[in-house]
Amino acid sequence: MIAGVVGVGSMGLGIAHAFAVRGIPVVACEPDEAARDRAAVRFGAVVQDGVRRGKLSEVDAQRARDCFRLVPRIGDLPAGADVVIESAPERLALKHEVLREIEGRNPILLGSNTSSLSIEELSRPLRHPDRVLGFHFFNPVWAKQLVEIVVAPATGDPALRQALDIVRAIGKEAITVRDSPGFATSRLGVLLGLEAIRILESGIATAEDIDRSMTGGYGHPMGPLRLTDLVGLDVRLDIARYLATVYGDRFAPPPLLERMVAEGRLGQKSGAGFFTW
């Protein structure tokens, strides 16, 4: 098996890591040189951290490094790869452009890591929509076992079977959902996050206590505001705006979220969000 990933932000890099640590060659494409350099350093650090925590042996870590390669252009991806997964920002026009270029490399499966956009809409300009699925991973990928496989009306049964085999091959668990904006996980997770922001905005409780209400009261591993910081407030805002166009006001972004993004308080990646990082 050989895999490809387009985009090496936190999600794309995590997806590439998931293949490499299982000894599956993966080629990651990123046109921005500085982003490629950061990804190379980050990949090495995450692999080494796996060794430190006893999750990887030194042999496995070296195998992962050997299986990971960065390239600057989609045209540098291997032709006929088993799967190529795009992890571009959540903008439909951009994803259409990326997916069309990936399709030119003729992968057996073409995946999108979108967390909200319709797979049917993403595959509309493609010649082989039967090969297209959603591969929705969760952040941080190396710590999360779930992959949400999203099946569009045109997705073929062979593609779904192959997708499930791939998820098993990288040691993760799959759920399968029908294509719908936000799927299952994003609709549930974003609603909880937005309501937490509204509670904070209303002065009902502090960010710390809102999160503790979900970790201590409901057993969530992480509170909704800390998770929003980890995902990125700008990412959450883009998703909420899109879902609001489909499902109405229950997904309308709270003014606090709009204001924080405008101020550059994006969460972990900027050093400050609902918490300080």
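Which residue forms a salt bridge with Lys95, and how far apart are the closest N and O atoms? The partner is Glu90, and the closest N and O atoms of the two residues are 3.4 Å apart, where a salt bridge is taken as a side-chain nitrogen of Lys or Arg within 4 Å of a carboxyl oxygen of Asp or Glu. Both Lys95 and Glu90 are buried, a class that means under 20% relative accessible area, with exposed standing for over 50% and partly exposed for values in between (1.4 Å probe, protein chains only).

The model described here is predicted, and local features need pLDDT of at least 70, side-chain atom pairs count only at pLDDT 80 or more, while totals for chains, interfaces and linings use all residues. Residues are numbered from 1 along each chain as its sequence is written, and side-chain values use heavy atoms, with hydrogens and water left out.

**Salt bridges**

Side chains of opposite charge can pair when their charged atoms come close. The structure holds 14 salt bridges, and three of them are set out in the table below, including the pair already named.

| Arg73 | Asp76 | 3.4 Å |

Arg198 and Glu195 both lie in helix H7 (residues 185-201), 3 residues apart, which is about one turn of the helix; helices here are DSSP runs of H or I with at least four residues, strands are runs of E with at least two, and both are numbered from the N terminus. Arg198 is partly exposed at 21% relative accessibility, and Glu195 is partly exposed at 40%. Elsewhere, a network of salt bridges links Asp49, Arg52 and Arg53.

Helix H8 (residues 207-218) and helix H9 (residues 224-231) have axes that come within 7 Å and cross at roughly 105 degrees, the axes being lines fitted to C-alpha atoms, for helices over the stretch in contact, with angles running from 0 to 180 degrees between N-to-C directions. H8 is therefore roughly perpendicular to H9, given that angles of 65 to 115 degrees count as roughly perpendicular, those under 35 as roughly parallel, those over 145 as roughly antiparallel and the rest as oblique. On the H8 side, Ala207, Ile210, Asp211 and Met214 meet Pro224, Leu225 and Arg226 of H9, contact meaning heavy atoms within 4.5 Å. By class, this contact has 5 nonpolar, no polar and 2 charged residues, where Ala, Val, Leu, Ile, Met, Phe, Trp, Tyr, Cys and Pro count as nonpolar, Asp, Glu, Lys and Arg as charged, and the others, Gly among them, as polar.

The axes of H9 and helix H10 (residues 233-247) come within 6 Å and cross at roughly 100 degrees, so that H9 is roughly perpendicular to H10. Pro224, Leu227, Thr228, Asp229 and Val231 of H9 make this contact with Leu233, Val235 and Arg236 of H10, and the residues involved divide into 5 nonpolar, 1 polar and 2 charged.

Leu257 is found in helix H11 (residues 255-262) and counts as buried at 0% relative accessibility. Leaving aside its neighbours within four places in sequence, Leu257 is in contact with Leu194, Ile197, Leu233 and Leu237.

**Cysteines**

The structure holds 0 disulfides, a disulfide being a pair of cysteine sulfur atoms within 2.5 Å. For Cys29, the nearest cysteine sulfur is that of Cys67, 19 Å away. Cys29 is buried at 2% relative accessibility, and Cys67 is buried at 12%.

**Backbone geometry**

Most residues other than glycine have a negative phi, and most peptide bonds are trans. The peptide bond from Asn139 to Pro140 is cis, with omega near -5 degrees, and Pro140 lies in the loop between strand S6 (132-136) and strand S7 (146-151). Asn106, in the loop between helix H4 (92-103) and strand S5 (109-112), has a positive phi near 60 degrees and is partly exposed, with a relative accessible area of 43%. Phe183, in the loop between strand S8 (173-178) and H7, has a positive phi of about 55 degrees, and Phe183 is buried, with a relative accessible area of 5%.
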